[in-house]
Amino acid sequence: MEYTKDEALALDASDTLRHLRSEFIIPTKDDLRRKTLSYNASTEITEDNEQPCIYLCGNSLGLQPRRTGDRVNTHLRAWATKGVFGHFKSHEDSNVPPFVNIDEVAAERMAPIVGASASEVAVMETLSANLHLMMASFYRPTKEKYKIILEGKAFPSDHYAVESQIRHHRLDPEHAMVLIEPPNPTQATVATSHILSVIDENASTTALILLPGVQYYTGQYFDIPTITAHAHSHGIAIGWDLAHAVGNVELHLHEWDVDFAVWCSYKYLNCGPGAIAGLFVHDRHGQVDRQAMDEGKDGFRPRLSGWWGGDKATRFQMGNRFVPIPGAAGFQVGNPCALAICPLLASLEISGLTSMRAIRSKSIMLTNYLEKLLYRSRAQALSKGWDEVFTIITPAEAAERGAQLSIRLKAGLLEGVMAELEEQGVVVDERRPDVIRVAPAPLYNTFSEVWSFVAIFEGAYSKAYKGQGHDGEGLGAFAGSEEKGWSQIK
């Protein structure tokens with residue numbers, strides 16, 4: 001079966017978010033290959049100098065918005081020309097806030113992305129640091145309730161954080177850490193019903209649950225409201241690692257009654273490597289009772305406290321009595337890096353040009369289209385008598401996944417496939433020994449790019465498969481399907 005690029009072009013033409021692609025810097029193929037950051041006099045001029053790469057790696061690191069450099073430079077000019085006065089002075093020609101309240105502005109703009117009020121969001125630290133800060137407050141083990149439930153294939157940093165928190169309380173992870181694994185070891189994903197059953201089995205001894213919103217390896221989107229409600233029915237607090245969910249799927253953290261959540265900002269939020277992170281704390285956990293404090297009681301939820309989380313009205317009086325800011329801001333420790341917040345503001349400006357509902361709607365269409373083309377290509381291979389060269393381990397239902405599809409290749413193909421993709425100017429990432437993760441980002445990826453990726457991927461896995469000594473007829477599913485073949489464009 002042959003299928004043309006016309007369908008992809010028609011989808012691009014009707015895409016209501018297509019104008020947002022111009023907000024991002026798309027590396028060219030030559031950018032990826034060149035050994036210098038800029039061209040020099042000896043640079044050979046080729047078509048690759050102008051041909052954009054196909055960047056489908058926003059699940060790992062999002063692309064740089066064009067606004068980022070300007071916002072960063074504006075902040076640097078304020079620092080250079082105002083010094084310490086830059087903390088408090090606004091400027092007519094500045095597009096970033098004064099240093100002292102730049103984190104508040106970022107939290108206000110972040111709140112709609114996660115479905116929260118501004119008071120429930122703080123922009124601070126890194127994901128792992130925030131996870132430790134949240135567990136210091138929400139993991140309060142007792143003799144009876146001391147376990148933490150987490151996913152067995154959790155991102156390593158989450159696993160390390162949980163294990164170290166358990167050890168910090170002089171408990172044994174062997175007994176205090178419950179790992180949720182698929183009942184069938186051949187399955188990659190975990191059914192919601194199984195997660196609920198694990199909670200039921202351990203409810204009487206569990207102090208905290210920590211799960212991913214979107215699983216980093218498979219791309220599975222967990223049923224946050226159902227699992228949260230089930231945890232609360234047993235009186236168990238639950239937190240969510242939203243590293244792969246924020247900016248990717250619609251979230252309603254306040255409405256879903258989530259206790260806390262943490263996330264990074266360098267994936268679908270496009271804020272740069274190691275960008276400043278964020279956290280959510282439900283309003284009910286951020287309340288401050290000053291009367292109780294005046295009576296010598298705590299008056300607020302226990303936490304690891306720091307200067308920047310203290311009452312702003314008395315912050316510069318330099319007193320030693322800690323009175324937290326109500327809400328998530330009261331969990332801040334040190335003052336956040338204003339320079340690091342500038343890329344976040346640039347990204348949130350772009351998000352503010354649309355809505356998470358519109359972003360998610362396009363994302364579902366993009367990923368569904370990617371899946372359809374991949375399965376067409378695989379069907380073509382199987383019809384030629386080939387082995388099953390790849391499978392998709394991400395859930396098939398759009399409601400159970402984000403932008404990412406995780407493709408598991410036949411054993412031994414990964415290295416050859418990745419080498420060919422890189423040669424053709426395609427950027428995806430790998431998880432050895434046999435998985436590639438492909439994530440079309442709705443803010444800057446197009447349906448035409450998805451089409452071209454599958455054409456290149458088909459050629460890559462065909463070449464790798466035949467390199468293993470397999471004979472067989474060529475696939476040619478994309479042959480003659482556009483005026484210029486991809487090899488000519490390359």
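Helix H5 (residues 127-138) and helix H6 (residues 156-168) have axes that come within 10 Å and cross at roughly 30°. The model is a predicted one.

**Helices H5 and H6**

- H5 and H6 cross in a right-handed sense.
- On the H5 side, the residues in contact are Leu127, Ser128, Leu131, His132, Met135 and Ala136.
- On the H6 side, Ser157, Asp158, Ala161, Val162, Ser164 and Gln165 meet them.
- Sorted by class, this contact of H5 with H6 has 6 nonpolar, 5 polar and 1 charged residues.

**Largest cavity**

- Rolling a probe the size of a water molecule over the atoms shows where empty space is left.
- The volume of the largest cavity is about 60 Å³.
- Its lining includes Gly58, Gly247 and Ile359.
- Lys267, Tyr268 and Asn270 also line the largest cavity, as do Ala441, Pro442, Leu443 and Tyr444.
- The lining of the largest cavity has 6 nonpolar, 3 polar and 1 charged residues.

**Second largest cavity**

- The second largest cavity holds about 50 Å³ of space.
- Among the residues that line the second largest cavity are Ala78, Gly86, Lys89, Ser90 and His91.
- Ser94, Val96, Pro97, Pro98 and Phe99 line the second largest cavity as well.
- By class, 5 nonpolar, 4 polar and 1 charged residues make up the lining of the second largest cavity.

Conventions
Residues numbered from 1 in each chain as written. Predicted model: local features only at pLDDT ≥ 70, side-chain atom pairs only at ≥ 80, totals over all residues. Heavy atoms only, no water. 1 Å grid on protein atoms, 1.4 Å probe; cavity = no way out; pocket = protein on both sides within 12 Å on 5 of 7 lines; lining within 4 Å. Points joined across faces, edges and corners; volume = space filled by probe spheres on them. Nonpolar A, V, L, I, M, F, W, Y, C, P; charged D, E, K, R; others polar. Axes fitted to C-alpha atoms, helices over the stretch in contact; angles between N-to-C directions. Helix = DSSP H or I, 4+ residues; strand = E, 2+ residues; numbered from the N terminus. Left-handed = near helix turned anticlockwise from the far one by under 90°. Contact = heavy atoms within 4.5 Å.
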